[in-house]
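Have the sequence and the 3D view open as you read.

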Amino acid sequence: MAQSETNKRKVAVITGGSRGIGLAIARAFAHAGFKVVITGRDESKLKAVVAATGSAEITGMPCDVTDPASVKKLFASVREQYSAIDVLVNNAGVAHALAPVETLPLEDWKKAIDTNLTGIFLCAQAALPLMSTGGTIVNNLSVAAIRPFAGMSAYNASKAGALGFTNALREEVRKRGIRVVALLPGAVATEIWDQFWADAPREKMLSADTVAQAVLHAVSAPAEASIEEIRIGPTVGVL
Ligand SMILES: NC(=O)c1ccc[n+]([C@@H]2O[C@H](COP(=O)([O-])OP(=O)(O)OC[C@H]3O[C@@H](n4cnc5c(N)ncnc54)[C@H](OP(=O)(O)O)[C@@H]3O)[C@@H](O)[C@H]2O)c1
């Protein structure tokens, strides 16, 4: 059976799928035959994005990953509509304006930790009861999980924490045949840069589509193979 035929019965949930890397992953998965649920906080924007994809395989469901009730509601809706999840891509994430630790607003610290770290925990916890052998969780971290950047302490801390969580989760679910992938992209040309370096040289960055293809490749590996980490960045450095 062709890969896209096999994928037709598969369901992927992608948090933060309304733009950037998440949307590119959604398009790649839909093209490969998956049924795809994308999330974001803004329901009307989500509807417009889904319509613009022109894909009958992509559905939008609003969710704020920092809000436990919202996450619970999302996965209850997914359960009702699809019964099971084959792939969860924890992609929703935020950065923050550059600031040294002495002046970093507590609000920025909390938002980064709540979204990039606690959000992954909440979504993995809610998705796991719907997942079984052959399933894959992809956590979109960043090279910032392993490389420090001055002025980005909350982002660095959230991503490094999320890498620790990802590695522990992998060991917990390994025996159930669920694979856990840590995705560590370098610079990718998306809107997230507007939050801390609006004039960053996007032309030197990877496209979100390139990252999406790497994710699809990892998820499509045979069930007995686990690609545990994807490190992907521009050939010539940006930072
Ligand atoms: N671009 C890069 O260079 C790069 C490099 C390495 C890693 N990453 C990581 O890749 C992921 C995606 O980033 P991106 O570059 O594609 O950024 P982006 O274009 O800003 O997209 C971020 C997505 O996350 C959603 N989101 C933000 N907060 C959310 C929340 N509380 N609940 C639900 N959704 C939320 C946004 O939708 P709404 O605002 O509508 O909610 C949007 O869909 C992030 O985790 C980021 O840290 C990016």
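## Contacts with the ligand

Start at Arg-41. An N or O atom in the Arg-41 side chain is 2.7 Å from an oxygen atom of the ligand. This is a polar contact, meaning a pair of N or O atoms within 3.5 Å. Val-188 places a backbone N or O atom 2.8 Å from an oxygen atom of the ligand. Val-65 has a backbone N or O atom 2.9 Å from a nitrogen atom of the ligand. The protein covers 97% of the 890 Å² of accessible area that the ligand has on its own (Shrake-Rupley method, 1.4 Å probe).

The model is predicted: local features need pLDDT of at least 70, side-chain atom pairs count only at pLDDT 80 or more, and totals for chains, interfaces and linings use all residues. Residues are numbered from 1 along each chain as its sequence is written, and side-chain values use heavy atoms, without hydrogens or water.

## The shell

The ligand is surrounded by 31 residues, each with a heavy atom within 4 Å of it. Ser-18, Arg-41, Asn-140, Tyr-155 and Thr-190 are the closest. By class, the shell holds 12 nonpolar, 13 polar and 6 charged residues; Gly counts as polar here, and Tyr as nonpolar. Helix 2 (20-31) and helix 6 (153-173) each supply at least two shell residues. Helices are DSSP runs (H or I, at least four residues), numbered from the N terminus.

## The pocket

Where does the ligand sit? It sits in the largest pocket, with more than half of its atoms within 2 Å of the pocket's grid points. A pocket is an open set of points on a 1 Å grid over the protein atoms alone, where a 1.4 Å probe fits, with protein on both sides within 12 Å along at least five of seven lines. The largest pocket holds about 910 Å³ of space, the space filled by probe spheres set on the points.

Its lining has 47 residues, each with an atom within 4 Å of a point. Helix 5 (106-127) gives the most to this lining, with 4 residues.

Definitions and conventions
A polar contact is a pair of N or O atoms within 3.5 Å; within protein, one must be able to donate a hydrogen and the other to accept it, and residues adjacent in sequence count only if both atoms are side-chain atoms.
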